Amino acid sequence: METFFNNLLEFFFILIGLQLVYTAFKVFKDVNNSKRIGTSLFWLDLGILFMFGKVMPAVVSGGLVAFLGVISLFKQFEISKFTPVKQEKLEADAKKYGNAIFIPVLALAIISVLLAFAIKESSKAAIGVAAVIGILLAMGIFKSKPKEVAYESDRMMQAMGTSGILPQLLAALGAIFTIAGVGDVIAQMIGGFVPEGNRLAGSIAYVLGMVIFTVIMGNGFAAFTVITAGVGVPFVIMQGADPAIAGALALTAGYCGTLLTPMAANFNALPASLLEMKNPHGVIKEQVPVAVIMIIVHIALMYFWAF
Amino acid sequence: MEWIKLIGIAIIVLGFIFKFDTIAVVVVAGLATALVSGITPVEFLEALGKAFVDQRIVTIFFITLPLIGLAESHGLKEQAVNLIKKVSGLTTGWFLSIYLIIREIAGAFSIRLGGHPQFVRPLVQPMAEASAEAKYGELEEKDKELIKAKSAAMDNYGNFFGQNTFLSAGGVLLIVGTLDSMGYKVTSLDIAKASIPVALIMILIGIVSNIYFDKKLARKYGNKGEQK
């Protein structure tokens with residue numbers, strides 16, 4: 001069973017690789033994109049990593065990942081422009097399909113959860129199965145041709161831009177940190193403040209570490225990799241906490257930091273200006289009491305529930 | 001000199017603060033960390049390549065993009081707007097609470113409402129303000145400002161604390177991948193389940209804070225409202 005689902009997962013990675021290569025092809029043909037060569041190479045590079053990652057020598061994969069960094073370092077990446085669907089058509093469609101519009105997206109969530117519950121080995125591949133079924137349902141409901149599916153894949157992929165692969169790259173960075181022993185260094189440094197074996201101190205350090213790093217960087221994902229390696233693993237998980245519960249709480253603890261920081265402009269400064277507020281930090285000000293309560297909630301859950 | 005190993009963290013922090021390209025920042029941070037820790041460039045590339053390929057699962061949500069795109073191009077958001085418009089006759093506080101709940105449920109089903117530009121500005125804030133004015137007449141400027149802040153805040157609360165209840169949310173897969181790279185096996189279902197309490201507590205805190213806001217409005221404008 002496990003082999004079957006692992007092969008299925010590898011098949012989904014090849015499908016994603018094809019999506020990426022298709023986007024590379026479309027970008028290459030888009031003469032309006034002033035950086036079409038670099039951008040096309042970026043998607044192609046990623047597509048190769050997804051399709052052949054399993055059979056390529058690791059050093060070649062590593063070179064390809066580093067090349068992604070080179071492309072973006074020299075600013076050779078640009079998103080192509082897509083004509084937005086007309087508002088009148090969207091509203092007419094909403095009227096035409098009504099709540100049936102929600103069927104494919106609901107199917108995606110429900111099928112993946114049910115499958116993961118029913119067959120434990122399927123939990124990684126479940127989302128792929130649900131996505132394929134969901135796409136077929138959507139094609140049936142909206143009477144879409146395969147060409148439209150490919151178009152939407154390309155449009156959404158490009159809308160995501162380079163930030164779509166950031167979580168994966170951060171997870172890989174976590175592995176580098178582990179090999180280099182970064183976690184041990186931080187553990188030694190804060191060992192003075194946080195007595196080893198003290199679960200409450202560990203919980204507070206993990207939660208506050210996530211909040212503070214997210215406030216500084218404005219990005220909870222990056223904070224998660226760093227703080228989990230340095231604080232979460234030595235002071236919480238190795239002291240006996242459930243890794244799944246501690247990890248889940250740590251990331252949402254980071255989001256409490258997002259509520260507090262001007263660095264997360266998309267969430268705090270942008271709405272203030274969209275809503276023409278007088279105080280550009282009005283949204284943050286409103287969020288402070290709730291964020292503080294949520295931080296305390298996270299510490300309590302980490303201490304009482306994760307252990 | 002062990003602390004020099006933290007150079008990668010310093011690069012990440014500075015890179016994100018100064019908004020350098022994030023992909024390049026992460027690769028450079030990894031390289032710097034490896035080099036100061038006595039790992040050769042070739043060993044670094046091997047480790048990076050292996051880890052990146054092992055963590056492809058984190059990006060499996062790419063496979064759902066065509067589906068989301070199809071639904072969006074056929075009026076997903078517009079239909080969501082239609083549904084929310086049916087929610088009328090509520091107080092401002094309860095309207096905001098209902099929006100918070102809808103936002104969290106949408107997150108649990110990976111329906112991305114699009115946040116502030118597509119939802120809060122054109123829909124949530126005008127409706128929240130209108131429900132107060134229907135009851136109390138014209139509001140003072142500072143209360144309007146408060147309703148704006150609360151509308152934006154509800155979207156953030158629902159978005160942040162609801163999204164990880166979805167099995168393959170980016171955050172969920174990041175947790176699975178990061179823990180895996182550090183030697184702990186967890187499934188995305190474990191993470192989604194462990195994210196439920198925080199999602200529920202957030203709704204509770206939101207409701208309490210909104211009830212308090214309703215009471216405050218009622219105290220301030222209440223007499224005027226009764227005269228109407």
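The lining of the largest cavity comprises six nonpolar, four polar and one charged residues, where Ala, Val, Leu, Ile, Met, Phe, Trp, Tyr, Cys and Pro count as nonpolar, Asp, Glu, Lys and Arg as charged, and the others, Gly among them, as polar. A cavity is a set of points, on a 1 Å grid over the protein atoms alone, where a 1.4 Å probe fits but cannot get out, and lining residues have an atom within 4 Å of a point. Chain A contributes Ser123(A), Lys124(A) and Ile127(A) to this lining, while from chain B come residues including Ile57(B), Ile60(B), Leu167(B) and Val176(B). The space inside amounts to about 70 Å³; a volume is the space filled by probe spheres set on the grid points, which are joined across faces, edges and corners. Over the whole structure, the search returns one cavity of 30 Å³ or more.

The model is predicted: local features need pLDDT of at least 70, side-chain atom pairs count only at pLDDT 80 or more, and totals for chains, interfaces and linings use all residues. Residues are numbered from 1 along each chain as its sequence is written, chains are lettered from A and ligands numbered from 1 in the order in which they are written, and side-chain values use heavy atoms, with hydrogens and water left out.

Open space is treated separately: a pocket is an open set of grid points with protein on both sides within 12 Å along at least five of seven lines. The second largest pocket has a volume of about 880 Å³. Its lining has 33 residues, and the closest to its centre are Leu9(A), Lys124(A), Asp54(B), Asp180(B) and Lys185(B). By class, this lining divides into 13 nonpolar, nine polar and 11 charged residues. Helix α1(A) supplies the largest share, seven residues; helices are DSSP runs of H or I with at least four residues, strands are runs of E with at least two, and both are numbered from the N terminus. At least two lining residues each come from α1 (2-29) and α8 (166-180) of chain A and from α3 (41-54) and α9 (170-181) of chain B. Chain A as a whole has 14 helices and zero strands.

Glu276(A) and Arg121(B) meet in a salt bridge at 3.4 Å, N to O. Arg56(B) also forms a salt bridge, with Glu10(A), the closest N and O atoms being 3.0 Å apart. This pair runs from the loop between α3 and α4 (65-73) of chain B to helix α1 of chain A.

Methods:
A salt bridge is a side-chain nitrogen of Lys or Arg within 4 Å of a carboxyl oxygen of Asp or Glu.
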